[in-house]
Amino acid sequence: MKTLRIQYFALLREQRGLTQEQLATEAATPRALYEELRAQHGFTLPADRVRAAINGEFSSADAPLREGDEVVFIPPVAGG
């Protein structure tokens, strides 16, 4: 079990109702973490539509998560 700090933006922030939270999880990767959060909170976007950053750096969905990491989930944003 590791404790992570999670930040949400745009649609995910609206659906979660929070900008950030601290979370204890067994998830080993951003993809696994997002799927866990999606199941808990009913996020409507599939994992392949969401980018993840770990400690301020964009990362692959399969990058390893470590104790104390800050994970930011960024959904697609429409411009115009």
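The protein exposes about 4600 Å² in this predicted model. Carbon and sulfur atoms supply 50% of that area. Of the 80 residues, 36% are buried, where buried means under 20% relative accessible area.

Now the overall form. Along its principal axes, the C-alpha trace spans about 40 × 25 × 20 Å. Two helices and five strands make up the list of elements. Read from the N terminus, they run β-α-β-α-β-β-β. The radius of gyration is 12 Å, close to the 12 Å that the globule rule gives for 80 residues, so the protein is as compact as a globular protein of that length. Contacts also reach along the chain. Among contacts with a separation of 6 or more, 52% join residues 24 or more positions apart.

Turn to helix H2, residues 30-41. It has 12 residues. From first C-alpha to last it reaches 16 Å, close to the 16 Å expected at 1.5 Å a residue. Which residues of H2 are buried? They are Pro30, Leu33, Tyr34 and Leu37. These cover an arc of only 95° around the axis, which puts them on the same side of H2. The spacing fits a general rule. An α-helix has 3.6 residues a turn, so residues three or four places apart point the same way.

What do the buried residues of H2 pack against? Their partners include strands from both ends of the chain order: E1 (2-8) and E2 (20-25), then E3 (51-54), E4 (57-59) and E5 (70-74). Helix H1 (10-16) is a partner too.

The helix then gives way to Gly42. Just after H2, this residue takes a positive phi of about 70°.

Note on methods. Residues are numbered from 1 along each chain as its sequence is written. This is a predicted model: local features need pLDDT of at least 70, side-chain atom pairs count only at pLDDT 80 or more; totals for chains, interfaces and linings use all residues. Side-chain values use heavy atoms; hydrogens and water are left out. Helices (H or I, at least four residues) and strands (E, at least two) are DSSP runs, numbered from the N terminus. The expected span of a helix is 1.5 Å times one less than its number of residues. Buried means under 20% relative accessible area, exposed over 50%, partly exposed in between (1.4 Å probe, protein chains only). The arc is that of the directions from the helix axis to the C-beta atoms. Contact means heavy atoms within 4.5 Å. The radius of gyration is taken over C-alpha atoms; the globule rule is 2.2 Å times the number of residues to the power 0.38. Accessible areas come from the Shrake-Rupley method with a 1.4 Å probe; for residues, only the protein chains shown count as cover.
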